[in-house]
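Work through the exercises below with the model open beside the text. Each task is followed by its solution in steps.

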Amino acid sequence: QMQLAESGGGLVQPGGSLRLSCAASGIVFRINDMGWYRQAPGKQRELVAIMTSTGSTNYADSVKGRFTISRDYVKNTVYLQMNNLRPEDTAVYYCNGDIRRSYYSDTISQWGQGTQVTVSS
């Protein structure tokens, strides 16, 4: 069964860094866009960063210059390096991938279970 599994969340002080990882497991033919979203308490889920299969990236304005998204196309893994973290970055971070399991199958938007990031002194 296809799934995305995140890791790397935790508690960090303001100004600190964390690196999130998300690996796709199961049968994967192709992954198009892969990215990170976050949801803070009482707020809607929002895009943080996304990377296409060709390496193009897009970031939320609030994280530009602080966060960097990268992918390992062989390992079907996406990373999010988060530097200079702020209390307003506190949220559950979700990985998302547009995945095809075979040449003949449709592309499915797959979500991970989420990982908590808390920025607090």
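A residue is called buried under 20% relative accessible area, exposed over 50%, and partly exposed in between (1.4 Å probe, protein chains only). The model is predicted, so local features need pLDDT of at least 70 and side-chain atom pairs count only at pLDDT 80 or more, while totals for chains, interfaces and linings use all residues. Residues are numbered from 1 along each chain as its sequence is written, and side-chain values use heavy atoms, with hydrogens and water left out.

**Exercise 1.** Classify phenylalanine 29 and tyrosine 103 by their relative accessibility.

Step 1. Phenylalanine 29 has 43% relative accessibility, so this residue counts as partly exposed.
Step 2. Tyrosine 103 has a relative accessible area of 56% and is therefore exposed.

**Exercise 2.** Describe the aromatic pair of phenylalanine 29 and tyrosine 103.

Step 1. Rings of Phe, Tyr and Trp (its six-membered ring) pair if their centres lie within 6.5 Å; planes under 30 degrees apart are stacked, over 60 edge-to-face, and the rest tilted.
Step 2. The whole structure contains three aromatic pairs. In the pair of phenylalanine 29 and tyrosine 103, the centres are 6.1 Å apart and the planes stand at 90°, which is edge-to-face.
Step 3. Strands (E, at least two residues) and helices (H or I, at least four) are DSSP runs numbered from the N terminus. Phenylalanine 29 is in the loop between S3 and strand S4 (30–39), and tyrosine 103 is in the loop between S9 and strand S10 (108–111); the two are 74 residues apart.
Step 4. Tyrosine 103 also pairs edge-to-face with tyrosine 104, at 5.2 Å centre to centre and 85° between the planes.

**Exercise 3.** Find which cysteines the disulfide joins, and say where they lie.

Step 1. A disulfide is a pair of cysteine sulfur atoms within 2.5 Å.
Step 2. The structure has one disulfide. Cysteine 22 and cysteine 95 are joined, with 2.1 Å from S to S.
Step 3. Cysteine 22 belongs to strand S3 (residues 18–25) and cysteine 95 to strand S9 (residues 91–100), so the link ties together parts 73 residues apart in sequence.
Step 4. Both cysteine 22 and cysteine 95 are buried.

**Exercise 4.** Which residues does threonine 118 touch, not counting residues up to four places away in sequence?

Step 1. Contact means heavy atoms within 4.5 Å.
Step 2. Threonine 118 touches Gly10, Leu11, Val12 and Thr90.
Step 3. Threonine 118 and valine 12 are 106 residues apart in sequence, yet 6.3 Å apart in space, C-alpha to C-alpha.
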